[in-house]
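Thanks for coming, everyone; I would like to walk you through one protein model today, slowly enough that we can look at each place together. Please bring the picture up on your screens.

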Amino acid sequence: HEKGVLVTNPLEYPFTVDFELEDAVSPSGGGLLTITATAEPGGLDKYLTIDAEGLFQTDLFVEDGLTDQRVEVEITLTREQIAALAADGQIVFTLIPSESVIEQGALYVMMELTYGAGGGTGDFYQFDMAAEQSASLSLVGSEASELTMTVYDAAGVELAVGQVGTDGAVAVEHLLATSDGSYYVCISGSGDYELVVNRNAATDLAGNDSLVLAQQIESSPLAGRQWVIGEIDDGETDFYAVQVGGGKWLDVRTYTPDSEAGPNALEPIINIYDADGNLVATGSGRMVRYRVPSGAGETYYVEVVGGGSTEGDYVLSLKVAGSQAKGEKMDAAGLKGPQTPLGRALGRRGN
């Protein structure tokens, strides 16, 4: 992205010039601010000062020793600095001449900000996480497989690139935050898409319709529970894999929150299978508990299916505990656990 502003006003003191760069987006890397001037900035008392929305302030051309000549200076900006400046969609640089800068004919100042390392083009989205929280990101739509999804931290370091699944969706299954702060998603390519970001919850990646293809749950636990956001559509079934130690209780619950489109018709059935594919517990409704025999700790599989061919969205919650949970109160929508979804965005990338 390149942003430039030309000012033809003489730089007399007192005088300030605001360079307002509109429609600024959060970049995926650092940037370079180039300031070109014809004035009399050339000496300890003749200089220009640039202020970046109070984030930093720097004196320019102090020791150039130039008079009435074209001068140029470059300032390197970090990814975090640009992100902070662009947070409201507008970047404002204020240029302030020193008292000794005098009018000399047709003077001008031009400022150009170039940024976008790590690709530089695309749709950018921001979300926040605390250290040790996790996020799952998915990019869906008929043209999703033609797009690229890249995740960056606040310093512009690439953390993950979405992988295309069996159903054409692009996903980052488990992004673990190493520190508190903002994280950024860049969608590049061409096509329509829907981006969903779930914090502390896995996303049903589809294609997990058998024990062999069961999706491993990797979301960070909240109060000992792991969460999955999923959907049952057109008679499909979803399988998830979870590790359970011998003698432990596996507590599985589902919630069916309504959506903006209306009531949720899904009537979930929960099935639990052992590592050999034997059905060991089943139940219709909201909860199934199963105690793993002592010495039989291994991978178990949880299946969610719509009873009576019903369809809809669900929130799946799993907890492995040393004793049977009693009197545990849960929000009927499952929102006491994960923030689901943390964000959802519709977009279209042009050619």
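This is a predicted model: local features need pLDDT of at least 70, side-chain atom pairs count only at pLDDT 80 or more; totals for chains, interfaces and linings use all residues.

In one of the salt bridges the side chains of D251 and R225 meet, at 3.0 Å from N to O. Since D251 belongs to strand β21 and R225 to strand β19, residues 225-232, the pair ties together parts that are 26 residues apart in sequence. Both D251 and R225 are buried.

D251 also meets the side chain of R253 in a salt bridge, with 2.9 Å between N and O. For D251 the relative accessible area is 4%, and because buried means under 20%, D251 is buried. R253 is buried as well, with a relative accessible area of 7%.

There is also a salt bridge between D251 and R289, whose closest N and O atoms are 2.7 Å apart. This pair links distant parts of the chain, since D251 lies in strand β21 and R289 in strand β24, 38 residues apart. R289 counts as partly exposed, at 26% relative accessibility. Taken together, R225, D251, R253 and R289 are linked in a network of salt bridges.

Now, which strands form the open sheet, and in what order? There are five of them, in the order β17-β19-β26-β21-β24, and their pairing is mixed. The edge strands are β17, residues 202-203, and β24, residues 287-291, each of which pairs on one side only. If you look at β21, residues 249-255, you will find five bridges joining this strand to β24, and the two run antiparallel. Within that pairing, R253 has M287 in β24 as its bridge partner.

Another antiparallel pairing is that of strand β22, residues 268-273, with strand β23, residues 279-284, and here too five bridges join the strands. In this pairing Y273 stands opposite L279 in β23. The two strands β22 and β23 form a hairpin with five residues between them, and in the turn G277 has a positive phi of about 85°.

That brings us to backbone angles, and as a general point, most residues other than glycine have a negative phi. E132 is not a glycine, and yet its phi is positive, at about 75°. E132 sits in the loop between β9 and β10, and at 53% relative accessibility E132 counts as exposed. S309, also a residue other than glycine, has a positive phi near 60°. S309 is found in the loop between β25, residues 298-306, and β26, residues 312-321, and with a relative accessible area of 64% S309 is exposed.

Next, please turn to the aromatic rings, for which a search of the whole structure finds four pairs. In the pair of F127 and Y183, the ring centres are 6.1 Å apart and the planes lie at 25°, so the pair is stacked. This pair links distant parts of the chain, with F127 in strand β9, residues 123-129, and Y183 in strand β15, 56 residues apart. F127 counts as buried at 7% relative accessibility, and Y183 is buried with a relative accessible area of 3%.

Is S182 buried or exposed? S182 is buried, with a relative accessible area of 19%, and this residue lies in strand β15, residues 181-189. The side chain of S182 makes a polar contact with the side chain of Q126, at 3.0 Å, and another with the side chain of D128, at 2.7 Å. Leaving aside neighbours within four places in sequence, S182 is in contact with Q126, F127, D128, D153 and A154.

Not counting residues up to four places away in sequence, S138 touches several residues, including M149, V170, E194 and T203.

Let me finish by stepping back to the whole protein, which has one helix and 27 strands. Of its 351 residues, 48% count as buried. Among the contacts with a separation of 6 or more, 79% are between residues 24 or more positions apart. Finally, the accessible surface comes to about 16,400 Å², and 46% of that belongs to carbon and sulfur atoms.

Conventions:
Residues are numbered from 1 along each chain as its sequence is written. Side-chain values use heavy atoms; hydrogens and water are left out. Helices (H or I, at least four residues) and strands (E, at least two) are DSSP runs, numbered from the N terminus. Buried means under 20% relative accessible area, exposed over 50%, partly exposed in between (1.4 Å probe, protein chains only). Contact means heavy atoms within 4.5 Å. Accessible areas come from the Shrake-Rupley method with a 1.4 Å probe; for residues, only the protein chains shown count as cover. A polar contact is a pair of N or O atoms within 3.5 Å; within protein, one must be able to donate a hydrogen and the other to accept it, and residues adjacent in sequence count only if both atoms are side-chain atoms. Rings of Phe, Tyr and Trp (its six-membered ring) pair if their centres lie within 6.5 Å; planes under 30 degrees apart count as stacked, over 60 as edge-to-face and the rest as tilted. Two strands pair if DSSP finds at least two bridges between them. A salt bridge is a side-chain nitrogen of Lys or Arg within 4 Å of a carboxyl oxygen of Asp or Glu.
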